[in-house]
Amino acid sequence: MSGTDLPPPRWVAAADLAAFGDRETLCVSVGGSRVALVRLAGGIFAISDTCPHMQASLSGGTVVGEHIECPAHYALFEIRTGKATGGLACRDLRTWPVRVDGSTVMVGV
Ligand code: FES
């Protein structure tokens with residue numbers, strides 16, 4: 001294993017697939033972190049639920065295209081990458097890998 005190789009994730013059941021629809025968010029607790037699951041046409045993505053500006057819950061925000069807008073002060077983040085792209089976003093969001101196993105959304109920690 002080289003210095004850049006990461007160990008494979010440990011997959012944790014995070015939610016039922018039926019718990020949220022397309023372009024909706026769901027806040028879950030995974031591995032001690034608050035995670036916002038977001039479903040887009042291209043799949044399900046897991047980003048930190050905590051806005052780095054003043055810790056608002058991003059799962060209460062609005063999905064705008066492929067971005068999520070913080071409900072408190074309207075910072076924008078790319079859902080697929082967690083990248084901060086506008087407003088008061090002061091740093092990128094943590095992201096986690098996601099896979100779907102039957103009807104269960106699994107998050108890699
Ligand atoms: S808490 Fe999210 S932009 Fe201020």
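How many bridges join strand β10 (residues 98–101) to β11? To answer this, select both strands: four bridges join them, and the two run antiparallel. Strands here are DSSP runs of E with at least two residues, numbered from the N terminus, and two strands pair if DSSP finds at least two bridges between them.

The model is predicted, so that local features need pLDDT of at least 70 and side-chain atom pairs count only at pLDDT 80 or more, while totals for chains, interfaces and linings use all residues. Residues are numbered from 1 along each chain as its sequence is written.

Next, select the turn of this hairpin, where two residues lie between β10 and β11. Beside it, display D101, whose bridge partner in β11 is T104.

Then extend the selection to strand β1 (residues 11–16), joined to β11 (residues 104–108) by five bridges in an antiparallel arrangement. Within this pairing, A15 stands opposite V105 of β11.

Finally, show the three strands together. They form an open sheet in the order β1-β11-β10, with antiparallel pairing. β1 and β10 are the edge strands, each pairing on one side only. From one strand to the next, the twist averages 35°; axes are lines fitted to C-alpha atoms, and angles run from 0 to 180 degrees between N-to-C directions.
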